[in-house]
Amino acid sequence: MQFDFRTDLKTAMRQAAGAENHPTTLLINDNQITNDIFLEDVNNVFNSGEVPNLWENEEKDEINKEMQEEADRLGVEDKYKLFVSRIRDNLSIVLCLSPVGESL
């Protein structure tokens, strides 16, 4: 099974914050971290709830459409900020690192 970090991260973020809006856990083991950028992306999620340049414009438009009804219900104007807020509330990322191997 091929691990595409950014695709899996997007899926987890949409599950946690989009129309589904339920707690979601993304489990990443050390074998899947093949690029340091993955850790930078995880750090961005931890710090701000979003990853710069993760979403294409079309995807952001879809997110805004998904969030429209909830934003109207809550009286929130910025649908993307609501999306990011839900990510911070609902998304957990678990890093499983082994002390065995050459890197440690």
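Predicted model: local features only at pLDDT ≥ 70, side-chain atom pairs only at ≥ 80, totals over all residues.
The axes of α1 and helix α4, residues 79-90, come within 8 Å. They cross at roughly 95 degrees. That value falls between 65 and 115, and α1 and α4 are therefore roughly perpendicular to each other. Which residues meet there? From α1, we have Met13, Arg14, Ala16 and Ala17. Across from them, α4 brings Phe83, Arg86, Ile87 and Asn90.

Next, helix α2. This one runs over residues 36-48, 13 residues in total. From first C-alpha to last, α2 reaches 18 Å. That is close to the 18 Å expected at 1.5 Å a residue.

Which residues of α2 are buried? Phe38, Asp41, Val42, Asn44 and Val45. They cover an arc of only 155 degrees around the axis, which puts them on the same side of α2.

On the face of α2 away from its buried side sit Asp36 and Asn47, both exposed.

Look at the two ends of α2 as well. At the start, a side-chain oxygen of asparagine 35 comes to within 3.0 Å of the backbone nitrogen of isoleucine 37. Just after the helix, glycine 49 has a positive phi, about 90 degrees.

What does its side chain pair with? The side chain of glutamate 59 makes a polar contact with the side chain of lysine 10, at 3.0 Å. Leaving out residues up to four places away in sequence, glutamate 59 touches Lys10 and Leu54.

Last stop, proline 23. You will find it in the loop between α1 and β1. Is proline 23 buried or exposed? The cut-off for exposed is over 50% relative accessible area. Proline 23 has 66% relative accessibility, so it counts as exposed. How far is proline 23 from phenylalanine 5? Their C-alpha atoms are separated by 19 Å, with the two residues 18 apart along the chain.

That's the tour.

Note on methods. Residues numbered from 1 in each chain as written. Heavy atoms only, no water. Helix = DSSP H or I, 4+ residues; strand = E, 2+ residues; numbered from the N terminus. Expected span 1.5 Å × (residues − 1). Buried < 20%, exposed > 50% of the residue type's maximum accessible area, 1.4 Å probe, protein only. Arc of directions from axis to C-beta. Polar contact = N/O pair within 3.5 Å; in protein donor to acceptor, adjacent residues only side chain to side chain. Contact = heavy atoms within 4.5 Å. Axes fitted to C-alpha atoms, helices over the stretch in contact; angles between N-to-C directions. Parallel < 35°, antiparallel > 145°, perpendicular 65-115°, else oblique.
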